[in-house]
Each structure stands twice: as C-alpha cells, then as structure tokens.
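User: I would like to learn how to read aromatic pairs in a model. Please take me through an example.

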Amino acid sequence: MTGPTHDEKRRILEEHYLLGKLSGSEIDHLLNYARVETYPAGQEIYAKSSPGQSMFAVLRGSAKMSSVSSEGKEIVLNIIYPGEIFGEIALLDGKERSADAVAMTDCQVLVFHRRDVLPVLERHADICLMLIRILCERLRRTSAQVEDVLFRHLEARIAKALLQLAEHAAGPGGRGTPLDLHLSQRDLGNIVGSTRESVNKQLQIWQRAGLVDVAKGMILIRNAAAIQQLV
C-alpha cells in the first residue's frame, strides 16, 4: 500500500465534519505532528485496556472496534471507514482503551498524539460540544445494540444491521447498489450477537426471496423496503 500524499491527508481533515471546523493553520499543525501507520487485514491496531494516548483517522481501508470475552466470543461495537476517527475516548481522558481496534482490511491510518490534539480542542468549545454529542450517540447506539441482542429476533437484528451498514458505508443513497462492505459473515454475526452459520442461513433465505444478493465481501440490498419491514 503506497503512502498517502500531503494533500490526501489534509483532505481527510478538511472534509471531516468535526476536524474540518479547524483553521487551515491548525490542520497543518496537526499534520506536522501526525504519523502514518499501515496495518494488514486482521492485525490489531490497539488492545482493550492498553494506554490511550492517541487518536486515529482512517485514510484507507476499514477498522472494527470490538470486545472479546475470556471464552473468545467477540462482539463488534463499531466499524470505521475512510474519513472517520476512532480512539478519541481514551485521547480525551488519557485512560485505557475501551475496546480492541483491528484492521478489517489492509488499513492506513493517521495517528494524532494526545499532547498535540488537546491544546487545539481547548481553543474550540464548539468542537468539544460536537465531540460530546458524538460520544453520546455512540453510547446510545451501544445501548440499542445490547437491547437488540436481548429482545429482537435474529432476522430483525440482521435486517437492522445491514440497513445501518449500508447507510454508514455509502450514505442514504447507497441502498440498492452493490456495497463492498469488506464485512465477513462472521463479523456480521458478531455485530448482531449470533454465529456465522446462523447469519449465512438467514442471508440465503433472503437471497432466494430476492431481497438480497450475497457474494464474497459484498451484500447487495435489492429490496430495502421489505428488509426495513423486518426490523
């Protein structure tokens, strides 16, 4: 994987809904201290409970935030795509990481150290307030995920996860077009709290009914309205 150009790195920050509010000089300041790291698919970026002194912006590829039990059971909490940031919780409070971060595909990230980011944030109350809203939204999403696992049938959980992933990866207009989610059925199972085999069985039923097409690394939603009714 070739290294990103300065313009590519700058564009990631300028187009970010949060960091894009910084001035040009502040963005340049962060880039002067940021470093690029590359991770092959499946490699750990950081581990849960490890020291958290940095924040990451995805340049290329995708990463997942997950937690693994002592018995080896994994739950996927979030998937991060190019242009998005992660690791900001530990960056803000300087404490341990709250989840594992793993590259889902070959992944290239920008790394910002806490000592360089906090002084910039302290000068922008509006960004801090937006960051609080983002963290609150992620907490709500995690709470909803727990409720879904406890109270929704598997079919509804898969339907909800697929529609959310479609919007996340490709925007609201992404439904009904091929989506290269780089998401294995095992990872989808870990999102909805089930096994790969059970997820595959449900997807095959939907494929025979004409609701989706399933291929390696891609799910095409053919009838979003019908899937929405299953949520």
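Analyst: Start with burial: Tyr46 and Phe86 are both buried, where buried means under 20% relative accessible area, exposed over 50% and partly exposed in between, with a 1.4 Å probe and protein chains only. This is a predicted model, in which local features need pLDDT of at least 70 and side-chain atom pairs count only at pLDDT 80 or more, while totals for chains, interfaces and linings use all residues. Residues are numbered from 1 along each chain as its sequence is written, and side-chain values use heavy atoms, with hydrogens and water left out.

User: How is a pair of aromatic rings described?

Analyst: By the distance of the centres and the angle of the planes. Rings of Phe, Tyr and Trp (its six-membered ring) pair if their centres lie within 6.5 Å; planes under 30 degrees apart count as stacked, over 60 as edge-to-face and the rest as tilted. For Tyr46 and Phe86 the centres are 6.1 Å apart and the planes at 35 degrees, so this pair is tilted.

User: Which aromatic pair is stacked?

Analyst: Phe56 and Phe86, at 5.0 Å centre to centre and 5 degrees between the planes. Phe56 belongs to strand 3 (residues 54-60) and Phe86 to strand 6, 30 residues apart; strands are DSSP runs of E, at least two residues, numbered from the N terminus. Phe56 is also buried. Tyr46, Phe56 and Phe86 make one aromatic cluster.

User: Which charged end sits over the ring of Tyr46?

Analyst: That of Arg97, 4.1 Å from the ring centre. The criterion is NZ of Lys or CZ of Arg within 6 Å of the ring centre and within 35 degrees of the ring normal.

Methods. Helix = DSSP H or I, 4+ residues; strand = E, 2+ residues; numbered from the N terminus.
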